[in-house]
Amino acid sequence: MGKPTGFLEFTRELPEKRKKEERVKDYNEIEKTFSTELAEKQAARCMNCGVPFCHNGCPLGNIIPEFNDAVYAQDWALAYEILASTNNFPEFTGRICPAPCESSCVLGINKPPVTIEAIERYIIETAFEKGYVQPNLPKFRTGKKVAVIGSGPAGLAAAAQLNKAGHLVTVFERADAVGGLLRYGIPDFKLDKKVIDRRVEVMEAEGITFKTNANVGVNVRTKALLEEFDAVVLSGGSTVARDLPIPGRNLKGIYPAMEFLSQQNKRVANRPVAVDHRGVNYENGELLATGKNVIVIGGGDTGSDCVGTSNRHGANSVTQIELMPMPPKERAESTPWPHWPMMLRTSTSHEEGCNRHWAIQTKEFVGDENGNLKAIKLVDLEWKVENGRSIFVEVAGSEREIPCELALLAMGFLHPQQEGMLNELGVEYDERGNVKAQNYQTNNVKVFAAGDMRRGQSLVVWAISEGREAARAVDEYLMGHSELEAKAVSMLNAQKFDFA
């Protein structure tokens, strides 16, 4: 424990943000990395609890009190070693993770929790700056070949761990660049794509092969993978978006959120904008919010990203609506510490300008004589609890139309794309349409699944955890045993560090 009285002396501070007036004019990252002084001060707030619930709150089992202590002691090499032992990509989680570890922080019972996410970002950025992040080639090669399908956080984590175990890893990505949702989905103002490129360069130097524009089941034969590789890891993500089949859905001006967001990622990267992962032009062409009344349907992170992007396009107005009632502004009694709290969250995109409304149902898309969207018909909802279940009824007389030329559907995802590769592999699906995998292994013993493709849409930190665990399962399948770290014992292995 770096400073026994730190949690009494210092208050919680967050990283500095760029001014709203400045940042809405570009796509540069909004939040800045901690200064050394602030990182040390925030790390000093960690109480090194006898039972550190933050370990359990983190899907990766990060050894948080120990790396906080190392930061306070200014031992940057040790802080990086501890953090990297459980997290392959702190530069991702330090930027776009909602930090469930902070919700589990013991200090958070009656004080603001430790700023764990910002400290993670500080550690990894310092490690890159000081040259601690170097290619770490395996000491020997097993001769086994593994194909990883999808280069999102789950696929990247699986590839890194399998390569560490000595296997020859090839990552297949159907888009024109590595990263999955990190590349084409998360806005640049939250995650600069240079951060992805920097990590991929390290992984390539470690011996991992990346193949882009490689769409398995389309221009890469599925059967050939099973013949060429000793194991296959499916980590393509949950890509089938939830639709809104109501009157007027066929009008021009209604699009999936991810199509809108990925186009902007390509625009920033100076890549062909109106072309999808197959190199085929989008049916809807180029999507822009400039001068339009935008309504984002869905109150989650994807919807928030649409808000921030629309503001940068110069939308006339931006409104975000949500079917569910407005969450409480403080932690709800139904989600007490150390659970993830149900409460109202305001993102940096919301701060930049957005009309937010809850308990609203979209009834109809209204078009003009040319088939273009011109308005949306909405109705207020009243939520009730009957027999232990939440139900809603429409509020009489509340139906109305509001102007809208661009509607973005950000209501989540159903399951991975089953047509093509998955059906050709003959894998089974669970009741939700995700790939069914017991201990990450499908009904085809050579095929494993990880990330959103297996568990459904989730957090980037869960994707990394899934990738690591799937890699261990593959290693055990190929070698009969595995020396890769298992999440369940990551905390027990902490003694390999000299914390004295």
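This is a predicted model: local features need pLDDT of at least 70, side-chain atom pairs count only at pLDDT 80 or more; totals for chains, interfaces and linings use all residues.
Residues are numbered from 1 along each chain as its sequence is written, and side-chain values use heavy atoms, with hydrogens and water left out.

**Confidence**

- The mean pLDDT (the predictor's confidence in each residue, from 0 to 100) is 94 for the protein, and 96% of its residues reach 70 or more.
- Residues 488-500 stay under 50, and the model gives them 17 contacts beyond four places in sequence; a contact here means heavy atoms within 4.5 Å.

**The annotated domain**

- An unreviewed UniProt entry puts the feature "domain: Dihydroprymidine dehydrogenase" at residues 23-131. UniProt positions are given in the numbering used here, feature names are shortened, and annotations may be inferred rather than shown by experiment.
- That span is 53% helix and 0% strand, with its end C-alpha atoms 30 Å apart. Helices (H or I, at least four residues) and strands (E, at least two) are DSSP runs, numbered from the N terminus.

**Strand 11 and its partners**

- Strand 11 (residues 373-386) pairs with strand 10 (residues 360-367) in the antiparallel sense over seven bridges. Two strands count as paired if DSSP finds at least two bridges between them.
- Across that pairing, T362 stands opposite L378.
- Five residues separate strand 10 from strand 11 in their hairpin, and G371 in the turn has a positive phi of about 80°.
- Strand 12 (residues 389-394) also runs antiparallel to strand 11, joined by six bridges, and R389 is the bridge partner of E386.
- The hairpin of strand 11 and strand 12 has two residues between the strands, and N387 takes a positive phi near 55°.

- Five strands make an open sheet with parallel pairing, in the order 3-2-1-4-16.
- Strand 3 (209-211) and strand 16 (447-449) are at the edges with a single partner strand each, so one side of each has no neighbour in the sheet.
- Neighbouring strands of this sheet are turned by 20° against each other on average, direction ignored; axes are lines fitted to C-alpha atoms, for helices over the stretch in contact, and angles run from 0 to 180 degrees between N-to-C directions.
- Strand 4 (residues 231-234) meets strand 16 through three parallel bridges, with V232 partnered by V447.
- Elsewhere, strand 7 (residues 293-297) and strand 8 run parallel over five bridges, and I295 stands opposite T319.
- Strand 8 (residues 317-321) is largely enclosed by the rest of the structure, because four of its five residues are buried. Buried means under 20% relative accessible area, exposed over 50%, and partly exposed in between (1.4 Å probe, protein chains only).
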